[in-house]
Amino acid sequence: MVGERPVTKRVAITDLFETASTAFEALMLNKMRTALASLGIVIGIGAVIAMVSLGQSSQKAVEMQIQSLGSNLITVMPGSQMTGGVRGAAGASTSLTYDDAKAIEVSNEVTSVASVSPEISRRAQVIAGRNNTNTQILGATPAYAEVRQLFLTSGRFITQQDVDNMGKVAVIGPQVVSVLFGEGSDPVGQTLRINGISLKIVGITASKGGSGFMNQDDVVFVPLTTAQKQLFGIDYVTSISVAAKSEAVMNQARNEVGYLLLHRHKLTDPAQADFSIISQEDVLGAASQIANTFTTLLAGIAMISLLVGGIGIMNIMLVTVVERTREIGLRKSLGARKKDIIVQFLIESSILTFVGGILGVAVGISIAVVAAKFINLPFSLSLPVVLLSIGVSCGIGMIFGLYPARKAANLSPIDALRFE
Amino acid sequence: MIECDRVTKIYRNDQVETVALADVSFKIEGGEFVAVMGPSGSGKSTLMHILGCLDAPTTGTYVLDGKEVGKLKDDEQACIRNGKIGFVFQSYNLLPRLTAHKNVMLPMTYGGIPKDERIDRAAKLLSKVGLGDRLEYKPSQLSGGQQQRVAIARALAMNPSLILADEPTGNLATAQGEQIMAIFRELNEQGHTIIMITHEQNIAAYAKRIIYIRDGKVSADNGNHGRRKAGNEEGGNHGPV
Ligand SMILES: Nc1ncnc2c1ncn2[C@@H]1O[C@H](COP(=O)(O)OP(=O)(O)OP(=O)(O)O)[C@@H](O)[C@H]1O
Ligand SMILES: [Mg+2]
């Protein structure tokens with residue numbers, strides 16, 4: 001006999017997996033179009049992933065470099081502190097001297113400081129035999145090695161005696177060695193010339209890594225006094241690095257050094273200070289912030305291409321809906337509800353963007369790996385970013401597929417069936 | 001079970017108004033086998049679409065099993081199309097991408113029938129219409145008669161009480177047409193109400209009642225009409241329609 005089926009009692013959503021495989025088959029019918037439609041998403045997600053990864057990589061590089069400088073380090077720079085942490089013409093000022101550094105070291109009021117390293121940093125041409133290079137010249141005292149945790153692979157570092165006697169000696173970084181004397185050679189005992197002065201090489205530092213703006217291997221160390229009097233003819237220092245006894249007393253060290261220098265410079269108002277004190281934390285924060293801003297900016301630009309990809313998906317889905325009007329009419333005449341049709345088309349567009357998203361992640365990672373290698377950065381990409389972008393690409397499929405899907409679902413069955 | 005009361009359908013395209021149905025009223029009881037006949041353009045298909053909940057009348061009411069269809073929500077109408085009505089189209093309307101088996105399973109997907117039962121039932125229905133060996137054929141690999149039998153199997157998928165067929169044999173040779181009609185007769189004997197449009201007298205002869213439509217109006221309701229009327233008068237429950 002004829003079954004009288006209850007009309008309203010039906011399963012809420014038809015078997016999702018089956019719908020997905022139907023959607024997949026529909027997409028496979030027109031492979032070229034499917035590929036082109038997802039290409040927009042591949043490029044968009046690829047760009048976002050590559051940009052975010054490069055941003056994270058450079059942030060990591062900055063952190064690694066600054067960590068390697070020592071985390072209980074504070075740096076005193078000449079020149080006044082300005083608002084917002086931005087200093088004007090710092091380093092151009094000449095307000096700090098070797099005596100200031102000595103005073104910090106010997107003062108009874110300064111109790112939280114372990115060692116003090118006055119420094120002069122300038123670039124100059126260095127000549128050795130027929131080779132020459134433009135590199136950073138660092139006038140330093142023995143404290144430098146301690147403060148910056150510098151190690152030697154050969155010879156010795158600058159001694160107090162060198163500083164006291166304006167010794168004509170130099171300690172060079174591994175990159176300078178390879179540029180001037182060839183990689184792997186040990187030029188201890190040989191001489192090099194800076195600004196017409198001959199200096200005897202007495203030591204070679206161990207590699208500290210780092211690249212670009214803070215390469216610590218491309219440097220020539222000379223005694224502070226030699227740099228001041230013989231090489232550059234100046235009587236100030238360009239910075240004083242101070243190592244606190246521990247990270248816990250960083251703030252105390254900062255205050256003690258600040259008050260001592262204010263007193264020495266006969267200043268009463270800290271706002272008029274002719275020097276500024278920065279901790280590694282400040283530098284790290286500022287550098288991360290810059291890297292962050294940069295990442296956000298690039299990712300934002302990449303997002304635009306993702307948006308364009310989404311519009312491409314919408315376009316294709318609209319065409320698909322028109323093409324399949326008769327199919328939609330038929331499905332509705334067989335009892336498909338609006339919900340069923342919407343789900344069908346949403347799944348189709350989500351598959352497009354999901355696959356596009358996965359391919360985009362692969363493309364983005366490849367680009368980031370190659371680019372990181374090329375510009376000498378450690379590759380870095382966090383998993384949440386990957387998952388998020390795959391999620392976002394699915395979401396784009398949903399959002400940009402919704403309008404076409406609703407359009408399909410709202411067709412009247414008979415009009416759709418009659419559509420030619 | 002079917003009650004049309006002054007059903008009118010007017011198509012409005014731009015400035016032109018076409019009256020496809022004008023004040024059509026009739027009743028069809030459960031288990032009847034009705035043929036609808038009439039000249040081309042008289043409004044038969046239009047009527048069938050309204051009976052199948054595919055279209056709504058411009059004015060008038062269509063009551064199916066005590067419910068006025070026009071007042072139901074979209075999803076409720078979809079449920080009726082799915083569970084109560086099996087529609088057989090003149091042009092088969094199978095999904096070309098799907099096999100015969102999957103085409104028959106389609107209404108069951110929307111009816112929430114579990115997958116195993118779907119596969120099983122669809123195969124049985126195809127055997128019933130003589131296509132047990134063609135499950136995995138796509139529509140393009142089947143003859144017209146075979147495609148129409150797939151469409152009938154699909155119409156039966158949810159075991160609907162009402163089967164509507166718009167010229168089911170219109171595109172078929174006589175022999176195949178008679179095969180289809182044999183299936184319809186058997187379904188009618190099992191209790192399904194059948195309403196079909198046809199132009200051919202020999203096809204209409206399978207039906208127990210023939211409604212003639214002309215210019216959007218019922219011009220004659222032959223045979224059964226009188227008998228049913230007489231039956232009603234005997235029962236004394238219903239006045240004349
Ligand atoms: N979508 C439409 N828009 C405008 N007029 C229409 C539409 N559909 C049908 N008509 C008109 O309504 C009238 C009835 O059409 P219908 O399709 O119901 O005829 P029919 O009896 O099924 O004819 P046939 O036997 O040729 O199939 C015709 O005059 C037709 O022109
Ligand atoms: Mg017709």
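**View 1. Ligand 1 lies between chains A and B.** This is a predicted model, in which local features need pLDDT of at least 70 and side-chain atom pairs count only at pLDDT 80 or more, whereas totals for chains, interfaces and linings use all residues. Residues are numbered from 1 along each chain as its sequence is written, chains are lettered from A and ligands numbered from 1 in the order in which they are written, and side-chain values use heavy atoms, with hydrogens and water left out. Of the 15 residues around ligand 1 (a heavy atom within 4 Å), those that come nearest are B:Ser40, B:Gly41, B:Lys44, B:Ser45 and B:Thr46.

**View 2. Side chains of both chains lie beside polar atoms of ligand 1.** A polar contact is a pair of N or O atoms within 3.5 Å; within protein, one must be able to donate a hydrogen and the other to accept it, and residues adjacent in sequence count only if both atoms are side-chain atoms. From chain B, a polar side-chain atom of B:Thr46 is 2.6 Å from an oxygen atom of the ligand, and an N or O atom in the side chain of B:His199 is 3.2 Å from an oxygen atom of ligand 1. From chain A, the side chain of A:Arg418 places an N or O atom 3.4 Å from a nitrogen atom of ligand 1. Of the 630 Å² of accessible area that ligand 1 has on its own, the protein covers 69% (Shrake-Rupley method, 1.4 Å probe).

**View 3. Three elements of chain B, strand E1 (2-13), strand E2 (16-28) and helix H1 (44-51), each supply at least two residues of the shell around ligand 1.** Helices (H or I, at least four residues) and strands (E, at least two) are DSSP runs, numbered from the N terminus. The largest share of this shell, three residues, comes from H1(B).

**View 4. At the interface, 33 residues of chain A are in contact with 38 residues of chain B (heavy atoms within 4.5 Å).** The area buried between the two chains, that is, the accessible area (1.4 Å probe) lost on putting them together, summed over both, is about 3,300 Å², of which carbon and sulfur atoms give 56%. Six residue pairs are found in polar contact across the interface, both residues at pLDDT 80 or more.

**View 5. A:Glu327 forms a salt bridge with B:Arg97, their closest N and O atoms being 2.7 Å apart.** A:Glu327 lies in helix H10 of chain A and B:Arg97 in the loop between strand E6 (85-88) and helix H3 (100-110) of chain B, so the pair joins two chains.

Conventions: Salt bridge = Lys/Arg side-chain N within 4 Å of Asp/Glu carboxyl O.
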